[in-house]
Amino acid sequence: MTPHRRGVVTNRIVSYTSAMNNGEVVHNTKSFVKNRLEGESTGHDWWHVERVTNIAGTIHEAEGGDWLVIELALLLHDIGDRKVIMKIDDDYTIAEAFLISQDVPTELITKIMNIIKTMSFSKSLDGEPEEKSIEHQIVQDADRLDALGAIGVARAFAFGGSRGRPLYDPTYEAQNFTSTEAYKNAAGSTLHHFEEKLFKLKDLLNTQAAKTIADERDAFMRQFVKQFLDEWNGDK
């Protein structure tokens with residue numbers, strides 16, 4: 001993170017004063033996450049974590065919130081994710097057990113885990129929480145922003161390749177998923193993923209700061225898909 005964001009982080013770590021040393025916990029969490037995500041190649045690697053933390057810092061400056069909750073949730077949000085651990089379901093016990101091992105107060109663990117368990121696009125298909133804290137909104141927005149724009153394009157094809165999906169299959173019709181289970185069973189090509197999910201993200205963002213950032217990223221992504229299809233069809 002940039003120096004001015006480190007200042008923000010320092011200023012926000014003021015609320016939790018149990019046996020936990022906040023700075024040490026953040027340091028240990030980064031080491032834990034880096035080790036767990038080593039060799040990850042689906043677009044959910046350590047650099048994804050670093051990017052979403054950076055963009056969350058920008059949103060946080062505009063929107064406020066408890067930075068410690070935001071940072072720890074973002075650091076741990078893909079630990080135990082089914083796409084990373086290659087299982088049918090997410091395993092939230094990994095992140096929770098780590099926080100417990102760091103003497104993180106129960107109140108803080110609850111806040112962090114509630115965010116992690118409900119922040120994903122697939123989970124939102126079954127309904128989102130009636131009320132989302134500003135920390136939840138920022139974490140969710142930062143993660144969704146990293147699925148947009150040039151990096152979003154790169155991540156989509158990296159993930160598709162990891163699952164053996166074709167670049168594009170013109171015989172397949174994009175689906176409108178209405179449940180988490182249906183989304184988990186998606187079988188479309190990588191290019192269809194744009195219509196099925198990525199083009200929807202801009203309108204699902206929570207904060208104005210994130211929406212402003214999303215405009216250019218969304219436009220770039222749509223232009224990419226147009227260019228892709230023009231080339232596919234031999235028009236360019």
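Q: Which helices each supply at least two residues to the lining of the largest pocket?
A: In this predicted model, they are helix 5 (82–85), helix 7 (106–118), helix 8 (121–124), helix 9, helix 10 (149–162), helix 11 (180–184) and helix 12 (190–196).

Q: Which one gives the most?
A: Helix 10, with 5 residues.

Q: How much space lies in that pocket?
A: About 860 Å³. The lining has 43 residues.

Q: Which of them are closest to the centre?
A: His-44, Lys-83, Phe-159, Tyr-183 and Lys-197.

Q: And how do the lining residues divide into nonpolar, polar and charged?
A: There are 13 nonpolar, 13 polar and 17 charged residues.

Q: New topic, the largest nonpolar core. Which members touch the most others?
A: Val-33, Leu-72, Leu-76, Leu-108, Ile-112, Leu-145 and Phe-194. The core has 62 residues.

Q: Where does the largest share of this core come from?
A: From helix 4 (residues 67–76), which puts in 9 residues.

Q: Is helix 4 enclosed or exposed, then?
A: Largely enclosed by the rest of the structure, because 10 of its 10 residues are buried. Among them are Trp-67, Glu-71 and Leu-76. In general, nonpolar side chains tend to be buried together in soluble globular proteins.

Q: What caps the N-terminal end of helix 4?
A: Asp-66 does. One of its side-chain oxygens lies 3.0 Å from the backbone nitrogen of Leu-68.

Q: Back to Val-33. What is it in contact with, leaving aside neighbours within four places in sequence?
A: Trp-46, Val-49, Leu-75, Leu-76 and Ile-79. Of these, Leu-75 and Leu-76 are buried residues of helix 4.

Q: Now Gln-140. Buried or exposed?
A: Buried. Gln-140 is in helix 9 (residues 134–145). Its relative accessibility is 0%, so it falls under the 20% cut-off for buried.

Q: Which side chain does Gln-140 join through a polar contact?
A: That of Glu-128, at 2.8 Å. Leaving aside neighbours within four places in sequence, Gln-140 is in contact with Glu-128 and also with Thr-118, Met-119, Lys-132 and Asn-206.

Q: What about Thr-106, where is that?
A: In helix 7.

Q: How many Å separate the C-alpha atoms of Thr-106 and Lys-211?
A: They are separated by 33 Å. Along the chain, the two are 105 residues apart.

Methods. Residues are numbered from 1 along each chain as its sequence is written. This is a predicted model: local features need pLDDT of at least 70, side-chain atom pairs count only at pLDDT 80 or more; totals for chains, interfaces and linings use all residues. Side-chain values use heavy atoms; hydrogens and water are left out. A nonpolar core is a set of buried Ala, Val, Leu, Ile, Met, Phe, Trp, Tyr and Cys residues joined through side-chain atoms within 4.5 Å. Buried means under 20% relative accessible area, exposed over 50%, partly exposed in between (1.4 Å probe, protein chains only). Helices (H or I, at least four residues) and strands (E, at least two) are DSSP runs, numbered from the N terminus. Contact means heavy atoms within 4.5 Å. A polar contact is a pair of N or O atoms within 3.5 Å; within protein, one must be able to donate a hydrogen and the other to accept it, and residues adjacent in sequence count only if both atoms are side-chain atoms. On a 1 Å grid over the protein atoms alone, a cavity is a set of points where a 1.4 Å probe fits but cannot get out, and a pocket is an open set with protein on both sides within 12 Å along at least five of seven lines; lining residues have an atom within 4 Å of a point. Grid points are joined across faces, edges and corners, and a volume is the space filled by probe spheres set on the points. Ala, Val, Leu, Ile, Met, Phe, Trp, Tyr, Cys and Pro count as nonpolar, Asp, Glu, Lys and Arg as charged, and the others, Gly among them, as polar.
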